[in-house]
Amino acid sequence: STPPYCTKVSPPPPQPNTNTNYTSIMMRLALLAALVSAAAGFSSFTPRNLVATNNGSNLSMKIYDWKRRTADESALHEEEFTLGNLRPAPGARKRKNRKGRGISAGQGATCGFGMRGQKSRAGRPTRPGFEGGQQPLYRRLPKFVGRPTGPGHEKEIFNLIKLDDLNGASEGSTVNFDSLFESSAVTKSKHDIHKVVVGRGDFTAKGVTVQAHAFTKAARDAIEGSGGKCELLSKTTNAVLEA
């Protein structure tokens, strides 16, 4: 109970703290300024050569080649090229790689050759074709079966004409690859030089003159033994060299 001479007084309402309000406003302004500066800094790193066009709902972007960005190609098809106005295309001539000029260049100090070893020394370390002491490739190839390709070797591939293909020739006639092909005695060949070999069948033609670029010894003896003659042709002009 309250005495009659005492009255209950309510406390005054809290006064706004001006210092707190001022601090919060300043913090918001500082945060806004930081966001604006960050946005401006990001825009400085954004490529300037991005062109965005809005076609309906699709967004297409075109990036121009920086090497040809400064090229003046307006009169490319109108200008007559002479020795005085020839110039390389932008980006075609690359600057030489400067070695040994500091680590920032990527080829500094050891210039990309490493720190130790024979290949890092001055001068050419090994000769061309050297494989560390093992048998090199150019000395292994001549030993392979079926590949007679060594230094200085020349390999000729002939089209083979068998003696039994000449059996249809009449006595005293001259026979070569063209005449045999016209008479359907042989099929077409992908080689231009022809060689007469014995074959498996019997040779029955008599007194024929055979023209070819090469003869085996057995084929020559068989032709000459039956009264025929062998004429050697040139491999380049197809002219008769000797009978």
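**Exercise 1. Describe the second largest pocket.**

The second largest pocket has a volume of about 170 Å³. This is a predicted model: local features need pLDDT of at least 70, side-chain atom pairs count only at pLDDT 80 or more, and totals for chains, interfaces and linings use all residues. Residues are numbered from 1 along each chain as its sequence is written, and side-chain values use heavy atoms, without hydrogens and water.

Step 1. On a 1 Å grid over the protein atoms alone, a pocket is an open set of points with protein on both sides within 12 Å along at least five of seven lines. Lining residues have an atom within 4 Å of a point.

Step 2. List the lining. It consists of N176, F177, D178, D192, H194, Q211, A212, H213, L233 and N238.

Step 3. Sort by class. The lining has five polar, three nonpolar and two charged residues.

Step 4. Find the elements. Helix 3 (177-182) and strand 6 (209-212) each supply at least two lining residues. Helices (H or I, at least four residues) and strands (E, at least two) are DSSP runs, numbered from the N terminus.

**Exercise 2. Find salt bridges and state how covered their residues are.**

Step 1. Set the cut-offs. A salt bridge puts a side-chain nitrogen of Lys or Arg within 4 Å of a carboxyl oxygen of Asp or Glu. Buried means under 20% relative accessible area, exposed over 50%, and partly exposed in between (1.4 Å probe, protein chains only).

Step 2. Take the total. The whole structure holds five salt bridges.

Step 3. Look at R140 and E131. Their side chains pair at 3.3 Å, N to O. R140 is partly exposed at 28%, and E131 is partly exposed at 30%.

Step 4. Move to helix 4 (residues 217-225). E224 and R220 both lie there, four residues apart, about one turn of the helix. Their salt bridge spans 3.9 Å, N to O. E224 is partly exposed at 42%, and R220 is partly exposed at 26%.

Step 5. E231 is buried, because its relative accessible area is 11%. K229 is partly exposed at 38%.

**Exercise 3. Locate a nonpolar surface patch.**

Step 1. Name its members. Y22, I25, M26 and L29 make a nonpolar patch of about 420 Å².

Step 2. I25 is in helix 1 (residues 18-45). I25 is partly exposed, with a relative accessible area of 47%.

Step 3. Check the rule. Patch residues have over 30% relative accessible area and no salt bridge; nonpolar side chains (Val, Leu, Ile, Met, Phe, Trp, Tyr) are joined within 5 Å, like charges within 9 Å.

Conventions. Accessible areas come from the Shrake-Rupley method with a 1.4 Å probe; for residues, only the protein chains shown count as cover. On a 1 Å grid over the protein atoms alone, a cavity is a set of points where a 1.4 Å probe fits but cannot get out, and a pocket is an open set with protein on both sides within 12 Å along at least five of seven lines; lining residues have an atom within 4 Å of a point. Grid points are joined across faces, edges and corners, and a volume is the space filled by probe spheres set on the points. Ala, Val, Leu, Ile, Met, Phe, Trp, Tyr, Cys and Pro count as nonpolar, Asp, Glu, Lys and Arg as charged, and the others, Gly among them, as polar.
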